[in-house]
Amino acid sequence: ELLRCPPSSRTPVLLGPASLSSHCSVSCLYNKGVMCNSSCRPPFPPQAKGDLIGVSICRKCIAPKPARTHHCSICNRCVLKMDHHCPWLNNCVGHYNHRYFFSFCLFMTMGCIYCSISGWDMFREAYAAIERMKQLEKERLQAAANQTYYQTPPPAFSFRQRAFHKSIVYLWVLCSSVALALGALTLWHAALITRGETSIERHINKKERQRLQKKGKAFRNPYSFGAWDNWRVFLGVDVPRHWLTRVLLPSTHLPHGTGLSWDTPPCVRPWHAPLLAI
């Protein structure tokens, strides 16, 4: 009985909340497409210094370097509000596509968790069927050793049976592994967004915090507006309905600011605006 396909009564478990699985799939494809689209607006600063005010010069590309801009050694260019260079997407994550990157990781993690939970029963049955196949095959070979055959006896199970159960096991292990790895990355970026930092700024701010601590001073991130407002600025939520139209649904809205200067966004409450000087 274990060698048969899982009963059809379990199929609705996978297809029940179809809206969740479809939403995760569409969101992943959309955000990944925007991230990998070479025609989307690149997060590179302009090369003319006359367009910028109060910036430094990058020592590697000898070009204007606005605040929160960093040089990418792979792209060989400065990137506005650079977070990191993603080798899986073959693109830099910066000011204009950071939200798409995080949305892709979030919905991909949710989709993998959904597949792992809903496919747990199928995984257990498929794994038990594979173990049963091995045991029956071992018993068949032991019985065949006591008999004489003019040719090798045919296998007890078809290739389709073996491939079906192994595919289910492989799918579940793959989804669970991706959910763990990508989930950890998503949580890490969520923590950075909550603090109003990027991956590079995390290391810079840590060193600056330690330096000021030795002098008896406290460090305050000039680009942090508080946990709640940091999320609103990152996701581009200006009014309550934007949680639906800009977060849950695919959206092409641009982030706050140009990435060249960092004024307080209009959605931030005035008492949460940080001091620019330490």
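Mentor: Strands are DSSP runs of E at least two residues long, numbered from the N terminus. In this predicted model, Lys 81 lies in the loop between S4 and strand S5, the latter covering residues 84-86. The phi of Lys 81 is near 45°, a positive value in a residue other than glycine. Most residues other than glycine have a negative phi. Lys 81 counts as buried because its relative accessibility is 13%, and the cut-off for that class is under 20%.

Asn 76, however, counts as exposed because its relative accessibility is 53%, where the class requires over 50%.

In the model, residues 100-123 are 96% helix and 0% strand, with end C-alpha atoms 32 Å apart. Residues 168-191 are 100% helix and 0% strand, and their end C-alpha atoms lie 34 Å apart.

Helix H3 (residues 98-118) also packs against another helix: its axis and that of helix H7 (residues 227-235) come within 9 Å and cross at roughly 105°. H3 and H7 are therefore roughly perpendicular to each other. In this contact, His 98, Arg 99 and Phe 102 of H3 meet Trp 231, Phe 234 and Leu 235 of H7. By class, the residues involved are 4 nonpolar, 1 polar and 1 charged.

Definitions and conventions. Residues numbered from 1 in each chain as written. Predicted model: local features only at pLDDT ≥ 70, side-chain atom pairs only at ≥ 80, totals over all residues. Heavy atoms only, no water. Buried < 20%, exposed > 50% of the residue type's maximum accessible area, 1.4 Å probe, protein only. Helix = DSSP H or I, 4+ residues; strand = E, 2+ residues; numbered from the N terminus. Axes fitted to C-alpha atoms, helices over the stretch in contact; angles between N-to-C directions. Parallel < 35°, antiparallel > 145°, perpendicular 65-115°, else oblique. Contact = heavy atoms within 4.5 Å. Nonpolar A, V, L, I, M, F, W, Y, C, P; charged D, E, K, R; others polar.
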